[in-house]
Amino acid sequence: MSKNTLTITDNRTDKTYELPITNDTINAMELRQIKVNPEDFGMLSYDPAFKNTASTKSTITYIDGGKGILRYRGYPIEQLAEKGNFLEVAYLLIFGELPNEQQYAEWKHEITHHTFVHENIKNLMEAFRYDSHPMGMFIATVAAMSTFYPEARDIFDEEARLKQIHRLIAKVPTIAAFSYRHTRGLPYVYPDNDLSYTGNFLSMLDRMTQLKYEPNPVLERALDVLFILHADHEQNCGTSAMRVIGSSHTDPYTAMAGAAAALYGPLHGGANEAVLRMLLEIGDLKNVPAFVKGVKNRERLLMGFGHRVYKNYDPRATLVKNIADQVFEVTGKNPLLDIALELERIAREDEFFVERNLYPNVDFYSGIIYQAMRFPVSMFPVLFAIPRTVGWLAQWIEMLEDKEQKIARPRQVYLGSDSRDFVAMNDRK
Ligand code: CMC
């Protein structure tokens, strides 16, 4: 009969160890019993960038990267994008179940009635330089929010915690919109609580002298679906940052500023911005082959391609491509789309990309849509951070409630100098 264990023989000592297998994993702490002598610290596993290390159990998001499957709390992303709305999905991610009518009404009410920010937050944002990157403003302002809500440090008080969740989900579009208006030198627009989550966001971005702003329903819905697609993606770089910072029991604003900082980089949430800059640089269909050649010569990365987890088409990329058609009917086609399609066509046929399972990821087409909606490229990572706030918070709560979690503290393999004596300045080479 097969046993659910792993047998390891240490050839240094000829000793054999039998380790239990649970959920197809071994507990890395079990390795510590593998020692050459009693003084030995014990075996560690070495895993730079956590490529093969599960740092948590989770019930939030499921990804099968080989098959291109993404589910939130068991629901396929395709169904959520087609039938759900962002606030419903946010509720699902935070609480684990889709809301019934009453739960949804209460949730929507709470989010809608926390959209305003303290006037001093507005004043604080006004102090940024006129050309500040909106993501820099976003990160700094989210961090600053912790100083406005000191009760947020009470992270094990469920009521206080829920209040911060309402505040964060409600206020991130306001902060994002203020950061955009700031870079444009335009007055900040206060939230309009009669509008939907994305309708209000569009109003805060666009509204000028209208007494009542009416969002375009196609763009409002497109943004809502894009927010659903970006709401969570299990243990990625930003989410891991949220969990690691949160594991020291800091407040959610401070932890989330760190998660957003991780998202900012071009290999993560900054990729949609990098894709757009790449497409603008290519500029014309005739330049695509030379660009691809440069990628294959390892001079460049093809931004928006490849993923640590998906080794197949990113299911979000398929959905984003569908949204593009609807948006372009309103905005007119983005000329960069042809360059993107040609890049994808060549890459999907070329051995270099096929061999490495490099497919378009969610960011390859989202930037083209955002640009058609007239967002400046510097706003792209901010547009990612708004919906990801929900995922960060859901993962943060799960971490806090998980009895197996402790302050995150990885080990290292020290390869530096052995002990040596201090050398006086005059005696140094
Ligand atoms: N262009 C060219 N070659 C690539 C690319 C790319 N975009 N991505 C991976 N490769 C190559 C890489 O050079 C390596 O080749 P080899 O085995 O010959 O050395 C092979 O493919 C495997 O890549 P890797 O670097 O081991 O893969 P990773 O899992 O460490 O990196 C990634 C994943 C997303 C950081 C990477 O694919 C990348 O830099 N992509 C471009 C940036 C991007 O689009 N990021 C957005 C990710 S989706 C949004 C999100 O969830 O954050």
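Contact here means heavy atoms within 4.5 Å, and the views below are close-ups of a predicted model.

**View 1. Phe-138 and its surroundings in the largest nonpolar core.** Leaving aside residues up to four places away in sequence, Phe-138 touches Val-172, Ile-175 and Ala-176, and it also touches Ala-260, Val-382 and Ala-385. Phe-138 belongs to the largest nonpolar core, which has 120 residues, and it is one of the members that touch the most other members, together with Tyr-72, Phe-201, Met-278, Leu-279 and Leu-343. Helix α17, spanning residues 380-401, gives this core its largest share, namely 14 residues.

**View 2. The open sheet of three strands.** The 3 strands of this open sheet follow the order β3-β4-β5 and pair in the antiparallel sense. Because β3 (61-64) and β5 (75-76) stand at the edges and have a single partner strand each, one side of each is left without a neighbour in the sheet. The antiparallel strands β3 and β4 are joined by 4 bridges, whereas β4, made up of residues 69-72, pairs with β5 over 2 bridges, again in the antiparallel sense.

**View 3. Side chains and hairpins along β4.** In the hairpin formed by β3 and β4, with 4 residues between the strands, Gly-68 takes a positive phi near 70 degrees. In the hairpin formed by β4 and β5, with 2 residues between the strands, a positive phi near 50 degrees is taken by Arg-73.

View 4. The ligand has 18 residues around it, of which His-268, Arg-298, Leu-302, Gly-304 and Arg-308 come nearest. A polar backbone atom of Leu-302 lies 2.8 Å from a nitrogen atom of the ligand, while a polar side-chain atom of Arg-308 is 2.7 Å from an oxygen atom of the ligand. Asn-361 likewise places a polar side-chain atom 3.0 Å from an oxygen atom of the ligand. Of the 940 Å² of accessible area that the ligand has on its own, the protein covers 74%.

View 5. Gly-332 is found in the loop that links α13 (315-331) to α14 (336-349), and with a relative accessible area of 32% Gly-332 is partly exposed. Between Gly-332 and Gly-265 there are 30 Å in space, C-alpha to C-alpha, and the two residues are 67 residues apart in sequence. Glu-214 has its place in the loop between α7 (197-206) and α8 (217-230), and its relative accessible area of 68% makes Glu-214 exposed. Glu-214 and Ala-257 are 43 residues apart in sequence, and their C-alpha atoms are 32 Å apart in space.

Methods. Residues are numbered from 1 along each chain as its sequence is written. This is a predicted model: local features need pLDDT of at least 70, side-chain atom pairs count only at pLDDT 80 or more; totals for chains, interfaces and linings use all residues. Side-chain values use heavy atoms; hydrogens and water are left out. A nonpolar core is a set of buried Ala, Val, Leu, Ile, Met, Phe, Trp, Tyr and Cys residues joined through side-chain atoms within 4.5 Å. Buried means under 20% relative accessible area, exposed over 50%, partly exposed in between (1.4 Å probe, protein chains only). Two strands pair if DSSP finds at least two bridges between them. A residue is near a molecule or strand if one of its heavy atoms lies within 4 Å of it. A polar contact is a pair of N or O atoms within 3.5 Å; within protein, one must be able to donate a hydrogen and the other to accept it, and residues adjacent in sequence count only if both atoms are side-chain atoms. Accessible areas come from the Shrake-Rupley method with a 1.4 Å probe; for residues, only the protein chains shown count as cover.
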